[in-house]
Amino acid sequence: MTRYILQILVLFLSIQLFAQKETESLKTYRGEETKIHDLVHTKLKVSFDFTKRQLHGEAWIKAKPHFYVTQKFTLDAKSMVIHEVKMGDKKLDFNYESDELIISLGNAFAKDEEFEVYIKYTAKPEEVTQKGSAAITDAKGLYFIDPDGTDPDKPTQIWTQGETESSSCWFPTIDSPNQKSTQEIYITVPKIYTTLSNGLLINQTDNVDGTRTDYWKMSQPHAPYLFFMGIGEYSVVKDTWNGKQVDYYVEKEYEDEAKAIFGLTPEMIQFYSDRFGVVYPWEKYSQIVGRDYVSGAMENTTTTLHSESAYQKKGQLIDENTWEDVISHELSHHWFGDLVTTESWSNLTVNESFATYAEYLWREFKYGKDHADAHLFEDKDTYFMGGNESKNLVRFHYAEREDMFDGVSYQKGGVILHMLRKELGDEAFFAGLKKYLLDNQFQAAEAHHLRLALEEVSGKDLNPFFNQWYYANAHPKLNVTYEYNDVDQVVTIKLKQSDKVFQFPLRIDIYESGKRVEHQVEVSKKDQSFSFKYNQKPNLININADHILLCEINDIQKTTENYIFQLLNAPHFEDRREAILVLSNNQNNDESFKALMKALTDNYHEIRILALQNIDLSKKFRKDAIKIIEGLATSDPKTKVQGEALGVLGKLLDIKYKPLFERGMKSESYAMKSNSIISLYEVDKPAALEGLKAFDEETKQDLAPLLVQIYIKENDESQMPFIAKNFLELAFSNREQDQDTFMKAFNWIGSSDNKEAISNLVSDFVSKGKRYKKYGVDSLVLGLLQQVVQMQMTSKNSQKNDHIQIVKKGMAELVD
């Protein structure tokens with residue numbers, strides 16, 4: 001398989017991931033599920049058949065008619081065997097087909113008249129056929145991870161995933177987000193396993209057969225998709241907030257790092273309680289990490305499930321906790337999503353837009369405005385690049401429920417909330433959020449509930465805002481030109497909206513003689529002009545200067561001098577970032593280069609890093625720049641900046657920096673360590689390779705993406721088994737160099753006589769093929785493994801038959 005075939009495959013998989021499904025189902029209106037019954041309470045008793053990957057369950061479902069008299073009770077129950085249905089001691093007739101359990105109640109029940117049915121059942125999640133999200137191949141609700149204990153690289157675990165409507169794969173329920181129920185769960189497992197569920201652990205009972213039954217109780221109502229079980233061998237690291245349990249469930253290997261990963265959680269709970277004006281409403285808060293959970297994380301009430309990407313070692317955490325945004329996102333859902341839940345997936349914005357914006361709020365509070373604005377820029381960019389412009393934020397027509405989980409519901413919605421905050425002002429905005437939460441707590445809501453709460457607090461009519469941003473699509477696209485009248489000393493700013501015409505407030509900053517004057521204007525027409533007096537020609541005119549408006553701006557009249565002034569004077573992160581990228585293409589201009597040098601000492605570390613990544617040290621003032629960079633490499637307060645500076649110095653190929661690189665290789669910081677490896681490799685290859693020998697296996701594995709490329713370049717056969725289990729990711733890089741490196745390693749290992757390397761290649765390829773099946777990686781892996789078979793068949797290896805059997809066994813496992 002050539003690199004070009006790999007490029008086509010990667011492009012195809014990307015299109016598969018982001019393409020909108022244009023099907024007849026888009027014509028179907030998808031509103032709130034009709035409420036025939038209201039859930040009241042759910043009691044479950046469950047145990048597991050690990051060999052068959054099945055759940056044996058008993059359910060007591062208490063419900064009541066929503067309004068009309070009913071004699072039948074319909075529950076969602078996917079891929080189950082229903083053994084018995086009763087009310088009290090009386091057996092009830094039922095019909096089970098098409099994943100629906102229709103129960104004849106025997107009597108008529110009126111509004112608010114509660115009843116309880118008992119159901120004995122077996123859940124068979126492996127037989128579920130409903131589609132899942134882009135991240136989860138089959139939405140089977142209940143997931144057994146290495147249940148036979150045959151995978152040496154994985155622990156045995158069980159976890160559940162209810163969103164969107166998959167809880168009904170492991171217990172009968174009305175699987176709709178507009179339902180709420182309290183719950184009890186009795187979970188019976190072998191004694192070696194720890195369990196986790198919603199609410200509080202009330203008691204544990206040892207059984208004579210070597211199992212244990214844990215009783216979990218959730219006293220407050222929440223939606224069925226938020227019901228959760230997690231089971232495995234875990235270390236439980238305990239924390240607290242205001243006397244409530246805050247626990248982190250991690251594998252033993254990460255016990256020491258648990259508080260470094262999750263330890264800001266109590267402070268986050270306090271912050272969101274204060275910011276939203278509603279004290280954290282639940283009984284406890286736990287976080288657990290599940291193997292092979294590839295959907296990021298899930299805000300199960302009181303019990304967030306994280307993917308194993310949350311796991312980080314000390315060397316990574318010193319540089320940055322890359323999972324902190326996810327932690328804050330999922331916690332904030334316990335107000336927006338769990339306490340008040342979307343009534344339908346069409347209104348997903350009231351869950352996900354808020355949780356996305358909560359990431360900004362946490363960063364703003366904890367790390368400052370630059371840190372938050374940098375994150376908001378990433379959100380905007382994700383939306384712009386996602387091909388979602390045609391979608392409304394609230395939309396009632398979509399092909400699959402999971403289609404709602406996109407850059408509109410998340411990132412665009414978060415930016416719109418930021419705009420709404422500016423529109424109302426902080427005091428009214430957050431008072432409105434408090435009212436929305438309190439008015440709708442433990443209930444389901446839609447975007448109109450949010451609008452009404454904000455209107456009541458602010459006294460403003462927000463229909464125009466919501467109609468434009470919630471119930472319509474796209475965003476403003478502005479072409480900007482300026483006309484200067486030096487006689488009258490007036491500048492006229494002309495704005496032309498392309499595509500749709502929007503109405504919005506816009507901030508324009510005009511800098512004259514180095515001083516900034518802010519102007520707030522209202523834009524409502526396709527073509528609109530605004531004129532301003534000046535005494536001296538402005539140094540800079542900055543459109544959307546506060547970067548509140550979600551828009552694209554084409555300002556072709558800005559000069560290099562304007563961008564230099566912008567970098568040195570405009571306060572917003574996006575202004576400095578834009579200026580660095582523009583000026584990096586004009587570093588022959590001495591003033592441009594000096595401005596970039598100035599950016600090396602910016603207060604915000606990501607700006608310093610961006611300047612390091614873009615400065616050209618072949619220019620006139622290189623010595624001055626190098627002196628600054630040397631200082632950054634040794635004493636910047638951020639190890640990520642030190643690492644980036646070490647990488648820049650390495651490109652100078654100057655042996656005098658060898659001691660600096662050798663010290664960097666011994667740093668705990670992975671950013672410093674990895675950049676030092678690369679730099680030392682450039683100036684003294686033998687010293688770098690010798691230094692790598694001092695790395696323990698854990699460090700080597702954590703730095704695998706870098707080390708693999710070095711070992712491949714060196715044709716180091718002693719490292720072939722290590723390479724074999726760590727190089728597949730190179731196939732999915734958009735860099736030609738990485739894909740060439742992948743093909744070199746693939747052909748080298750695939751035709752080798754190294755049995756351990758062949759086994760590692762097969763194991764890693766099969767594992768990732770199964771894990772990312774939804775993306776089509778299984779098909780790619782099958783093709784690659786078939787090529788390994790062909791290479792072995794034509795080789796002269798004495799063990800080739802054994803190798804072929806190893807590969808074919810892996811292929812069979814992947815297809816199974």
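Why does Ala-453 count as buried? Its relative accessibility is 4%, so Ala-453 falls in the buried class. Buried means under 20% relative accessible area, exposed over 50%, and partly exposed in between, with a 1.4 Å probe and protein chains only.

This is a predicted model, in which local features need pLDDT of at least 70 and side-chain atom pairs count only at pLDDT 80 or more, while totals for chains, interfaces and linings use all residues. Residues are numbered from 1 along each chain as its sequence is written, and side-chain values use heavy atoms, with hydrogens and water left out.

**Buried residues**

Ala-453 sits in helix 10, residues 447-458. Helices (H or I, at least four residues) and strands (E, at least two) are DSSP runs numbered from the N terminus. Leaving aside neighbours within four places in sequence, Ala-453 is in contact with Gly-432, Lys-435 and Tyr-436. Contact means heavy atoms within 4.5 Å. Asp-439 is 14 residues from Ala-453 along the chain, and their C-alpha atoms are separated by 8.3 Å.

Trp-159 belongs to strand 10, residues 157-160. Trp-159 is buried, with a relative accessible area of 3%. Beyond four places in sequence, its contacts include Gly-141, Leu-142, Tyr-143, Phe-228, Met-229, Asp-292 and Leu-305. Arg-291 is also among the contacts of Trp-159. The side chain of Trp-159 reaches the backbone oxygen of Arg-291 at 2.8 Å. Val-189 is 30 residues from Trp-159 in sequence and 13 Å away in space, C-alpha to C-alpha.

Thr-639 is in helix 17, residues 639-650. Thr-639 is buried, with a relative accessible area of 15%. Not counting residues up to four places away in sequence, Thr-639 touches Ile-318, Asp-319, Ser-669, Ala-671 and Met-672.

Helix 12 spans residues 560-569 and has a run of buried residues: Asn-562, Tyr-563, Ile-564, Phe-565, Gln-566 and Leu-567. Which elements cover the buried residues of helix 12? They include strand 25 (504-512), strand 28 (540-543) and strand 29 (552-555). Helix 13 (573-583) and helix 14 (590-599) are also among them.

**Helix packing**

The table gives the geometry of the helix pairs. Axes are lines fitted to C-alpha atoms, for helices over the stretch in contact, and angles run from 0 to 180 degrees between N-to-C directions.

| Helix pair | Axis separation | Angle |
|---|---|---|
| Helix 5 (residues 324-332) and helix 6 (residues 349-367) | within 8 Å | roughly 125° |
| Helix 22 (residues 704-713) and helix 24 (residues 736-750) | 10 Å | about 60° |
| Helix 24 and helix 26 (residues 777-793) | 9 Å | about 45° |

Angles under 35 degrees count as roughly parallel, over 145 as roughly antiparallel, 65 to 115 as roughly perpendicular and the rest as oblique.

The axes of helix 5 and helix 6 cross at roughly 125°. That makes helix 5 oblique to helix 6. Their crossing is right-handed. A crossing is left-handed if the near helix is turned anticlockwise from the far one by less than a right angle, and right-handed if clockwise. On the helix 5 side, the contact involves Glu-324, Asp-325, Ser-328, His-329 and Ser-332. Their partners in helix 6 include Glu-352, Ala-355, Trp-362, Arg-363 and Tyr-367. By class, this contact of helix 5 with helix 6 has four nonpolar, four polar and five charged residues. Ala, Val, Leu, Ile, Met, Phe, Trp, Tyr, Cys and Pro count as nonpolar, Asp, Glu, Lys and Arg as charged, and the others, Gly among them, as polar.

Helix 22 and helix 24 are oblique to each other. Their crossing is left-handed. Gln-709, Ile-712 and Lys-713 in helix 22 meet Asp-738, Thr-741, Lys-744 and Ala-745 in helix 24. The contact of helix 22 with helix 24 divides into two nonpolar, two polar and three charged residues.

Helix 24 is also oblique to helix 26. Here Phe-742, Phe-746, Asn-747 and Gly-750 of helix 24 meet Leu-784, Gln-787, Val-788, Met-791 and Gln-792 of helix 26. This contact of helix 24 with helix 26 has five nonpolar, four polar and no charged residues.

**Backbone geometry**

Most residues other than glycine have a negative phi, and most peptide bonds are trans. Where does a cis peptide bond occur? One joins Glu-163 and Thr-164, with omega about 10°. Thr-164 lies in the loop between strand 10 and strand 11 (181-190).

Arg-53 is not a glycine, yet its phi is positive, about 60°. Arg-53 is in the loop between strand 1 (37-49) and strand 2 (54-65). At 28% relative accessibility, Arg-53 counts as partly exposed.

Asp-112 has a positive phi near 70°. Asp-112 lies in the loop between strand 7 (100-109) and strand 8 (115-123). Its relative accessibility is 45%, so Asp-112 counts as partly exposed.

Key
Polar contact = N/O pair within 3.5 Å; in protein donor to acceptor, adjacent residues only side chain to side chain.
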